[in-house]
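Visitor: I have a few questions about this structure. Could you take me through them, one by one?

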Amino acid sequence: MLKKILVVEDDPDILEILTYILKAEGYVVVASEDGSVCQHLLDISPDLILMDVRLKDPGQNGDEICVQLKSQPDTRCFPVILLSAENDLAARSKACGANGFISKPFDLQVLTEKVREMIT
Amino acid sequence: MIKAVSISLENEMDLVLAHKRSMKVAELLGLTMATQTTFATAVSEIARTVIEHTDDGLLDIGIEQNKTRYSLSAIVNFDKDIKFTNADSGFYYAQKLVPEFLLSENANTNSIEMKIGLPRSLKLDHIKIGQIKKYFLDEQPLNAYDEIKQRNITLHKIAGEQEDELRRTKIIDEKKTEFISIASHEIKTPITIIKAYTQLAKGLQDQCSDQVKTILDKVDIQTTKLMSLVHQLLDVSKMENGSLQYTREQVAFNPFFAEMVEVMKYIVPHHEIIFNVADDVYVNIDKLRMEQVFSNLIGNAAKYSKKNTPIKINCYLENNSLIRIAVEDVGIGMSSESTASIFEKFYRAKDVVKTHSGLGMGLYIASKIVADHGGSIWVESKQGTGSVFHFTIPVISHNTASINNGATFNEHKL
C-alpha cells in the first residue's frame, strides 16, 4: 500500500518542491499551507507528518502543533518531522517531542533518506 | 527676551554673582550708576528670597524688545510650590524698586519678572546687544566660587552629552542586531527554494545535459556558501544579544573527532589531513557548535595555504584536565599585528582582504563557542611559513573503556 505523507509548509514554492519530490519517490502527498489541517488528522491518517516550524500568522507554529499532537492519545502515534531554517532546530524538535528534524536549506537526497528512514 | 547671562540660584554665594552681573549688564547698556544699583538691588533681593526657599532657582538677565523700545529685564524662575507674600521682605522691597514687577504662575514653575525701560538716548541696537552677550561669554570668573561653578556646569554638560551618546550608540547597536536577525531569516527562505529547485533540475536526467548539470552543481555549491555566510551573520547577531544557546551532551572525544576529520576530508578535498589523537576522554559539548569550530579552523587552514599541502591536527591531553587541539598549516601565515586581532569581530588582515573573500566572522564565532565551552583559543603564526591554531576543551572524565583506543582507532581508520 502506498504510504501517505502530510506536508505542512506555508511557503508555496517550498511546498511545491516537497510535494514534487515526495510524489516522485512514490508517496501519496497531502499538502497544506495551513497548520489547521492537523485538526482533521484522524481523517487524513498520514504515515508521516512533515511540518515547517514557522507557519503563517495567525495560527500556531509547527512546534506548538507538535506539542498538542503528542499530548493526545489518538494523535500521539503520528510521526512528525520538523522543517526549519532556525539554528536551534535540534533543541526545538527535542523540546516539542518531534520524531526528527530537517534543517533548511535541505539537501533533497538527505530529505528523501530521512523520510524513508522514518516511514518504515 | 534676549538672554545676556544666566545664574543658577543655589546658595548665598550666588547672590554676589547675581548682584555683580546685574550691575554689569546695566553698566554695559549705559545706564546711570543710580539705575544700575537700583536694578541690581531688586534682582538680588528677589534672588535672596528665592534662595531662602529653594536651591533650585534660576536667574536670567537680558534685554527685551517691544517694537522699537527696549527694556532691561531679569526673570527669576523657581518651584511652583513656593508662594511669596509681602511678608517676605525682599519680595516687598523689590516691587518698590523696579517700575515693572510681574509674578506669574505657570504649569511647572513660577516666575518673577522685573523690568526697567531703556531710554532711546542709549541708542541700543542688535550690534550693541551682541557685544553685551559676547562680554559674558568671554567673562573671567568673578571669584573662586564662580570658577568652580562654571567648571561644574561644563563638566555636567560633558557628562550629559556622553550619556546621551552612549544611549544613542546602544540603541543603534540593538537595532543593528535585530536587523541582522530578521534579514538573515528572510534571506534563508529564498536560498532554500533556490537550492531545492537546483537539485530538482539536476534530477531531471533525460532533460538535463552534462553541461547544464555542471552549471547546476556550481549554483548548488555557491548557494551552500551563501547559506553558511547567512548562518554566520545570524550567529554573530545571536551572540550580540546573548540568545545563542547550546545543546550540550557528554560525548567521547575521539569518536567525535574521527567523525569531524571524515567530514573535513570531504570539505577540504585538495589538502592532506594528518592527525594524531590522545587517550580518549569525555567532554561536555554541543556537537554541532563544536563542529563549527573544527570546520572553521580547518577551512581557514585550507583557504590560506596551497593545494596539496598538509594540514596537521594534533590532540594533546594537558594535565588530564584539558584536551588541546592544534590545527597547523604551511600556508601564508600572518603578521604579529594580525595574530593580536584575528579573533575580533569582522577583523580581516589587510593583505588578505583583496586576495581571499570573507567577512571576518568565522574566528570570532569560533572563539566565542570555545570560550562558552570553558576553553580558550589562540594562534601562533609566522608570515610566510604558516599558522597553528590551538584551542582547548575541558575534560569531564577519562574514557577508561578505551585506553589506547587512540592508537587502534588510528590504525583502523587510516
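This is a predicted model: local features need pLDDT of at least 70, side-chain atom pairs count only at pLDDT 80 or more; totals for chains, interfaces and linings use all residues.

Visitor: Is Ile61(B) buried or exposed?

Guide: Ile61(B) is in strand E2 of chain B, residues 57-66. Its relative accessibility is 0%. Buried means under 20%. Ile61(B) therefore counts as buried.

Visitor: How far apart in space are Ile61(B) and Arg21(B), C-alpha to C-alpha?

Guide: The two residues are in contact. In sequence, 40 residues separate Ile61(B) from Arg21(B). From C-alpha to C-alpha, the distance is 8.3 Å.

Visitor: What area do chain B and chain A bury between them?

Guide: Chain B brings 19 residues to the contact and chain A brings 17 residues. Of the buried area, 63% is on carbon and sulfur atoms. The area buried between the chains is about 1700 Å².

Visitor: Which three residues supply more than any other three of the area that chain B buries against chain A?

Guide: Their share of the area that chain B buries is 28%. They are His185(B), Thr192(B) and Leu200(B).

Visitor: Which element gives the largest share of the side of chain B that touches chain A?

Guide: Two elements of chain B give two or more residues to that side: H5 and helix H6 (210-240). The largest share is eleven residues. That share comes from H5(B).

Visitor: Which residues form a nonpolar patch on the surface with Ile194(B)?

Guide: Ile194(B) is in helix H5 of chain B, residues 144-203. It counts as partly exposed because its relative accessibility is 42%, and a patch takes residues with over 30%. The patch has about 240 Å² of accessible area together.

Visitor: What is the C-alpha to C-alpha distance in space between Lys287(B) and Gln250(B)?

Guide: Lys287(B) lies in helix H8 of chain B, residues 287-303, and is partly exposed, with a relative accessible area of 30%. Beyond its neighbours within four places in sequence, Lys287(B) contacts Glu249(B), Val251(B) and Phe256(B). Gln250(B) is 37 residues from Lys287(B) in sequence, and the distance in space is 9.5 Å.

Definitions and conventions. Residues are numbered from 1 along each chain as its sequence is written. Chains are lettered from A and ligands numbered from 1 in the order in which they are written. Side-chain values use heavy atoms; hydrogens and water are left out. Patches are made of residues with over 30% relative accessible area and no salt bridge: like charges are joined within 9 Å, nonpolar side chains (Val, Leu, Ile, Met, Phe, Trp, Tyr) within 5 Å. Accessible areas come from the Shrake-Rupley method with a 1.4 Å probe; for residues, only the protein chains shown count as cover. A salt bridge is a side-chain nitrogen of Lys or Arg within 4 Å of a carboxyl oxygen of Asp or Glu. Helices (H or I, at least four residues) and strands (E, at least two) are DSSP runs, numbered from the N terminus. Buried means under 20% relative accessible area, exposed over 50%, partly exposed in between (1.4 Å probe, protein chains only). Contact means heavy atoms within 4.5 Å. Buried area is the accessible area (1.4 Å probe) that two parts lose on being put together, summed over both.
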